[in-house]
Amino acid sequence: MKIINLSETDSIVNQYVAELRDVCYQGNRLLFRNNISRVGEMEAYEISKTLCYEEREVTTPLGTSRVRVPADGIVLATIFRAGLPFHNGFLNVFDHAACAFVSAYREYTNKEHTEVGIHVEYLATPSIEGKTLVIADPMLATGCSMEMAYKAFLTRGEPRHIHVACVLATPDGIEHVRRTLPAEKTTVWCAAIDPVLNEHKYIVPGLGDAGDLCYGDKV
Ligand SMILES: O=P(O)(O)OC[C@H]1O[C@H](OP(=O)(O)OP(=O)(O)O)[C@H](O)[C@@H]1O
Ligand SMILES: O=c1cc[nH]c(=O)[nH]1
(Lines give C-alpha, C1' and ligand atoms only; values in the text may rest on other atoms or scores of the structure.)
(Ligands and ions follow the chains in the order given, each with its own letter.)
Protein backbone atom coordinates (compact mmCIF):
# COMPACT_ATOMS: atom_id res chain seq x y z
CA MET A 1 0.00 0.00 0.00
CA LYS A 2 1.38 3.41 -0.97
CA ILE A 3 1.22 6.24 1.56
CA ILE A 4 1.70 9.81 0.37
CA ASN A 5 2.16 12.37 3.14
CA LEU A 6 2.10 15.86 1.60
CA SER A 7 3.75 17.43 4.69
CA GLU A 8 7.00 15.70 3.69
CA THR A 9 7.30 18.34 0.96
CA ASP A 10 7.10 22.04 1.80
CA SER A 11 4.01 23.47 0.14
CA ILE A 12 1.12 25.85 0.80
CA VAL A 13 -0.86 22.83 2.06
CA ASN A 14 1.03 23.16 5.37
CA GLN A 15 -0.40 26.68 5.80
CA TYR A 16 -3.96 25.36 5.34
CA VAL A 17 -3.32 22.56 7.85
CA ALA A 18 -1.81 24.99 10.37
CA GLU A 19 -4.99 27.11 10.20
CA LEU A 20 -7.18 24.01 10.53
CA ARG A 21 -5.36 23.04 13.71
CA ASP A 22 -5.19 26.53 15.23
CA VAL A 23 -7.83 27.26 17.91
CA CYS A 24 -7.60 30.96 17.01
CA TYR A 25 -8.90 30.21 13.51
CA GLN A 26 -11.35 27.47 14.46
CA GLY A 27 -14.09 29.86 15.59
CA ASN A 28 -14.72 30.71 11.94
CA ARG A 29 -16.51 27.71 10.41
CA LEU A 30 -16.46 29.21 6.93
CA LEU A 31 -12.67 29.44 7.06
CA PHE A 32 -12.41 25.94 8.53
CA ARG A 33 -14.55 24.40 5.78
CA ASN A 34 -12.71 26.41 3.16
CA ASN A 35 -9.32 25.14 4.34
CA ILE A 36 -10.59 21.54 4.34
CA SER A 37 -11.79 22.14 0.80
CA ARG A 38 -8.44 23.65 -0.27
CA VAL A 39 -6.53 20.62 1.05
CA GLY A 40 -8.99 18.52 -0.99
CA GLU A 41 -8.15 20.49 -4.14
CA MET A 42 -4.41 20.03 -3.60
CA GLU A 43 -4.71 16.28 -2.97
CA ALA A 44 -6.96 15.92 -6.00
CA TYR A 45 -4.32 17.63 -8.13
CA GLU A 46 -1.66 15.24 -6.81
CA ILE A 47 -3.93 12.24 -7.44
CA SER A 48 -4.56 13.49 -10.99
CA LYS A 49 -0.86 12.88 -11.74
CA THR A 50 -1.34 9.15 -11.03
CA LEU A 51 -4.29 8.59 -13.41
CA CYS A 52 -4.22 7.04 -16.89
CA TYR A 53 -4.33 9.55 -19.74
CA GLU A 54 -5.47 9.43 -23.36
CA GLU A 55 -4.98 11.82 -26.24
CA ARG A 56 -7.96 13.79 -27.45
CA GLU A 57 -8.42 16.30 -30.26
CA VAL A 58 -10.04 19.59 -29.31
CA THR A 59 -11.39 22.07 -31.81
CA THR A 60 -10.47 25.67 -31.03
CA PRO A 61 -11.81 28.72 -32.94
CA LEU A 62 -8.49 28.74 -34.87
CA GLY A 63 -7.68 25.08 -35.42
CA THR A 64 -7.27 21.84 -33.52
CA SER A 65 -5.16 20.88 -30.55
CA ARG A 66 -4.19 17.44 -29.27
CA VAL A 67 -4.30 17.18 -25.47
CA ARG A 68 -3.83 14.36 -22.99
CA VAL A 69 -6.78 14.09 -20.63
CA PRO A 70 -7.62 11.63 -17.82
CA ALA A 71 -9.19 8.39 -19.05
CA ASP A 72 -10.12 6.91 -15.65
CA GLY A 73 -13.73 6.64 -14.62
CA ILE A 74 -13.60 8.38 -11.26
CA VAL A 75 -16.10 7.88 -8.47
CA LEU A 76 -15.65 10.52 -5.83
CA ALA A 77 -16.99 9.16 -2.57
CA THR A 78 -17.32 10.79 0.79
CA ILE A 79 -18.45 10.11 4.33
CA PHE A 80 -21.00 12.41 6.01
CA ARG A 81 -20.60 14.89 7.70
CA ALA A 82 -17.06 16.17 7.83
CA GLY A 83 -16.34 14.73 4.41
CA LEU A 84 -18.64 17.23 2.68
CA PRO A 85 -16.32 20.25 2.33
CA PHE A 86 -13.42 17.91 1.52
CA HIS A 87 -15.54 16.31 -1.20
CA ASN A 88 -16.31 19.76 -2.56
CA GLY A 89 -12.60 20.46 -2.94
CA PHE A 90 -12.12 17.21 -4.85
CA LEU A 91 -15.13 17.98 -7.01
CA ASN A 92 -13.70 21.39 -7.92
CA VAL A 93 -10.80 19.50 -9.53
CA PHE A 94 -12.53 16.31 -10.75
CA ASP A 95 -15.64 18.06 -12.00
CA HIS A 96 -16.49 15.16 -14.34
CA ALA A 97 -16.47 12.57 -11.55
CA ALA A 98 -19.50 10.59 -10.48
CA CYS A 99 -20.27 11.04 -6.79
CA ALA A 100 -21.05 8.63 -3.98
CA PHE A 101 -22.11 9.28 -0.40
CA VAL A 102 -22.27 7.20 2.74
CA SER A 103 -23.10 8.14 6.29
CA ALA A 104 -20.89 6.85 9.08
CA TYR A 105 -20.77 8.24 12.56
CA ARG A 106 -18.81 7.22 15.59
CA GLU A 107 -20.65 6.48 18.81
CA TYR A 108 -19.07 5.50 22.12
CA THR A 109 -20.09 2.00 23.14
CA ASN A 110 -19.07 2.19 26.83
CA LYS A 111 -19.68 4.77 29.52
CA GLU A 112 -15.96 5.57 29.86
CA HIS A 113 -16.00 6.75 26.21
CA THR A 114 -12.95 4.69 25.31
CA GLU A 115 -14.56 2.34 22.73
CA VAL A 116 -16.23 3.54 19.54
CA GLY A 117 -18.64 1.78 17.20
CA ILE A 118 -19.41 2.99 13.67
CA HIS A 119 -22.96 3.30 12.34
CA VAL A 120 -23.66 3.27 8.61
CA GLU A 121 -27.23 4.23 7.72
CA TYR A 122 -27.23 5.82 4.27
CA LEU A 123 -25.63 4.87 0.96
CA ALA A 124 -26.09 6.55 -2.42
CA THR A 125 -23.59 5.53 -5.07
CA PRO A 126 -23.25 4.69 -8.74
CA SER A 127 -21.65 1.36 -9.70
CA ILE A 128 -17.97 1.40 -8.73
CA GLU A 129 -17.12 -1.62 -10.91
CA GLY A 130 -13.74 -1.00 -12.59
CA LYS A 131 -13.69 2.59 -11.38
CA THR A 132 -11.02 4.66 -9.67
CA LEU A 133 -12.61 5.14 -6.27
CA VAL A 134 -11.55 8.15 -4.22
CA ILE A 135 -12.89 8.04 -0.65
CA ALA A 136 -12.43 11.48 0.84
CA ASP A 137 -12.78 11.93 4.59
CA PRO A 138 -10.66 14.49 6.46
CA MET A 139 -9.91 12.36 9.55
CA LEU A 140 -8.37 8.88 9.50
CA ALA A 141 -8.29 8.20 13.24
CA THR A 142 -8.93 4.51 14.06
CA GLY A 143 -9.68 3.87 10.38
CA CYS A 144 -12.97 2.13 11.28
CA SER A 145 -15.19 4.66 9.45
CA MET A 146 -13.06 4.24 6.32
CA GLU A 147 -13.35 0.44 6.53
CA MET A 148 -17.14 0.58 6.96
CA ALA A 149 -17.48 3.08 4.11
CA TYR A 150 -15.32 0.96 1.79
CA LYS A 151 -17.38 -2.15 2.61
CA ALA A 152 -20.60 -0.26 1.89
CA PHE A 153 -19.28 0.89 -1.53
CA LEU A 154 -18.03 -2.63 -2.28
CA THR A 155 -21.66 -3.80 -2.39
CA ARG A 156 -21.89 -1.80 -5.64
CA GLY A 157 -18.90 -3.23 -7.54
CA GLU A 158 -15.17 -3.86 -7.40
CA PRO A 159 -13.04 -0.72 -7.94
CA ARG A 160 -9.88 -0.81 -10.05
CA HIS A 161 -7.96 1.38 -7.63
CA ILE A 162 -8.80 3.02 -4.31
CA HIS A 163 -7.46 6.37 -3.15
CA VAL A 164 -8.08 6.94 0.56
CA ALA A 165 -7.79 10.71 0.96
CA CYS A 166 -7.68 12.48 4.31
CA VAL A 167 -6.28 15.61 5.91
CA LEU A 168 -4.91 14.04 9.10
CA ALA A 169 -4.04 10.38 9.49
CA THR A 170 -2.62 8.32 12.34
CA PRO A 171 -0.32 5.30 12.16
CA ASP A 172 -3.20 3.24 13.71
CA GLY A 173 -5.65 4.42 11.05
CA ILE A 174 -3.20 3.72 8.22
CA GLU A 175 -2.51 0.25 9.64
CA HIS A 176 -6.25 -0.42 9.85
CA VAL A 177 -6.66 0.56 6.20
CA ARG A 178 -3.74 -1.68 5.25
CA ARG A 179 -5.44 -4.64 7.00
CA THR A 180 -9.00 -4.07 5.76
CA LEU A 181 -8.66 -2.68 2.21
CA PRO A 182 -6.82 -4.41 -0.66
CA ALA A 183 -3.29 -3.12 -0.05
CA GLU A 184 -2.07 -3.87 -3.60
CA LYS A 185 -4.48 -1.36 -5.11
CA THR A 186 -4.89 1.21 -2.34
CA THR A 187 -3.08 4.53 -1.95
CA VAL A 188 -3.45 6.64 1.19
CA TRP A 189 -3.06 10.41 0.76
CA CYS A 190 -2.80 12.74 3.73
CA ALA A 191 -1.62 16.27 4.53
CA ALA A 192 0.01 15.13 7.79
CA ILE A 193 0.40 12.08 10.02
CA ASP A 194 -0.09 12.65 13.76
CA PRO A 195 1.46 10.25 16.24
CA VAL A 196 -1.35 9.09 18.54
CA LEU A 197 -5.01 8.70 19.42
CA ASN A 198 -6.10 9.72 22.90
CA GLU A 199 -8.26 7.51 25.14
CA HIS A 200 -11.40 8.88 23.39
CA LYS A 201 -9.97 7.95 19.97
CA TYR A 202 -9.28 11.55 18.98
CA ILE A 203 -6.17 12.38 16.99
CA VAL A 204 -3.47 14.14 19.04
CA PRO A 205 -2.41 16.86 18.43
CA GLY A 206 -4.98 16.71 15.61
CA LEU A 207 -7.48 19.50 15.25
CA GLY A 208 -10.49 18.39 17.32
CA ASP A 209 -13.84 17.18 16.00
CA ALA A 210 -13.84 17.95 12.29
CA GLY A 211 -17.61 17.49 11.86
CA ASP A 212 -18.41 19.87 14.71
CA LEU A 213 -15.87 22.43 13.50
CA CYS A 214 -17.49 22.37 10.05
CA TYR A 215 -21.13 22.32 11.10
CA GLY A 216 -21.52 22.82 14.87
CA ASP A 217 -22.25 20.50 17.78
CA LYS A 218 -24.51 17.50 17.44
CA VAL A 219 -26.66 16.17 20.30
O1 LIG B 1 -11.15 6.78 11.81
P2 LIG B 1 -12.30 6.88 12.73
O3 LIG B 1 -11.94 6.59 14.15
O4 LIG B 1 -13.47 6.05 12.28
O5 LIG B 1 -12.74 8.40 12.76
C6 LIG B 1 -12.88 9.15 11.61
C7 LIG B 1 -14.27 9.70 11.46
O8 LIG B 1 -14.52 10.68 12.44
C9 LIG B 1 -15.13 11.80 11.80
O10 LIG B 1 -16.49 11.62 11.69
P11 LIG B 1 -17.47 11.62 12.96
O12 LIG B 1 -17.76 10.22 13.39
O13 LIG B 1 -16.91 12.56 13.99
O14 LIG B 1 -18.83 12.15 12.37
P15 LIG B 1 -19.20 13.61 11.84
O16 LIG B 1 -18.36 13.90 10.65
O17 LIG B 1 -20.63 13.48 11.50
O18 LIG B 1 -18.97 14.58 12.96
C19 LIG B 1 -14.46 11.81 10.45
O20 LIG B 1 -15.14 12.56 9.49
C21 LIG B 1 -14.38 10.35 10.12
O22 LIG B 1 -15.49 9.90 9.38
O1 LIG C 1 -9.59 13.50 16.10
C2 LIG C 1 -10.61 13.11 15.51
C3 LIG C 1 -10.93 11.77 15.34
C4 LIG C 1 -12.05 11.43 14.66
N5 LIG C 1 -12.86 12.38 14.19
C6 LIG C 1 -12.58 13.69 14.36
O7 LIG C 1 -13.32 14.55 13.89
N8 LIG C 1 -11.45 14.04 15.02
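Two strands are taken to pair if DSSP finds at least two bridges between them. Helices (H or I, at least four residues) and strands (E, at least two) are DSSP runs, numbered from the N terminus. The structure shown is a predicted model, in which local features need pLDDT of at least 70, side-chain atom pairs count only at pLDDT 80 or more, and totals for chains, interfaces and linings use all residues. Residues are numbered from 1 along each chain as its sequence is written, while chains are lettered from A and ligands numbered from 1 in the order in which they are written.

Figure 1. Strand 1 and strand 11 (residues 186-190) run parallel and are joined by four bridges. K2 has T187 of strand 11 as its bridge partner. Strand 4 pairs with strand 5 in the parallel sense over six bridges, and here T78 is partnered by F101 of strand 5. Between strand 5 and strand 6 the pairing is antiparallel, over seven bridges. The bridge partner of F101 in strand 6 is A124.

Figure 2. Two bridges link strand 10 (residues 168-169) and strand 12 in the parallel sense. In this pair, A169 stands opposite I193 of strand 12.

**Figure 3. The buried side of helix 6.** G173, I174 and V177 of helix 6 (residues 171-180) are buried. A residue is buried if 20 or more other C-beta atoms lie within 10 Å of its own, exposed if 12 or fewer, and partly exposed in between, with C-beta atoms placed from the backbone. An α-helix has 3.6 residues a turn, so residues three or four places apart point the same way. The partners against which the buried residues of helix 6 pack are strand 1, strand 8, helix 5, strand 9, strand 10 and strand 11.

**Figure 4. The surroundings of ligand 1.** Ligand 1 is surrounded by 23 residues, the closest being A82, A141, T142, S145 and G211. A residue is near a molecule or strand if its C-beta atom, placed from the backbone, lies within 6 Å of it. Two or more residues of this shell are given by each of strand 4 (74-80), strand 5 (98-108), strand 8 (139-140), helix 5 (144-154) and helix 7 (210-215). Strand 5 provides the largest share, three residues. By class, the shell around ligand 1 holds twelve nonpolar, six polar and five charged residues. Ala, Val, Leu, Ile, Met, Phe, Trp, Tyr, Cys and Pro count as nonpolar, Asp, Glu, Lys and Arg as charged, and the others, Gly among them, as polar.

**Figure 5. The surroundings of ligand 2.** The residues around ligand 2 are A82, M139, A141, Y202, I203, G206, D209, A210 and G211. Six of the residues in this shell are nonpolar, two polar and one charged.

**Figure 6. Backbone features in the loops.** F80 and R81 are joined by a cis peptide bond with omega of about -5°, and R81 lies in the loop between strand 4 and helix 4 (83-93). A cis peptide bond also joins V204 and P205, where omega is about 5°; P205 belongs to the loop between strand 14 (203-204) and helix 7. H113, although not a glycine, has a positive phi of about 60°. This residue, H113, is located in the loop between strand 5 and strand 6 and counts as exposed, with 11 C-beta neighbours inside 10 Å. K201, which is not a glycine, has a positive phi of about 65°. The loop between strand 13 (196-197) and strand 14 contains K201, which is partly exposed, with 17 other C-beta atoms within 10 Å.

Technical notes:
Two residues are in contact if their C-beta atoms, placed from the backbone, lie within 7 Å.
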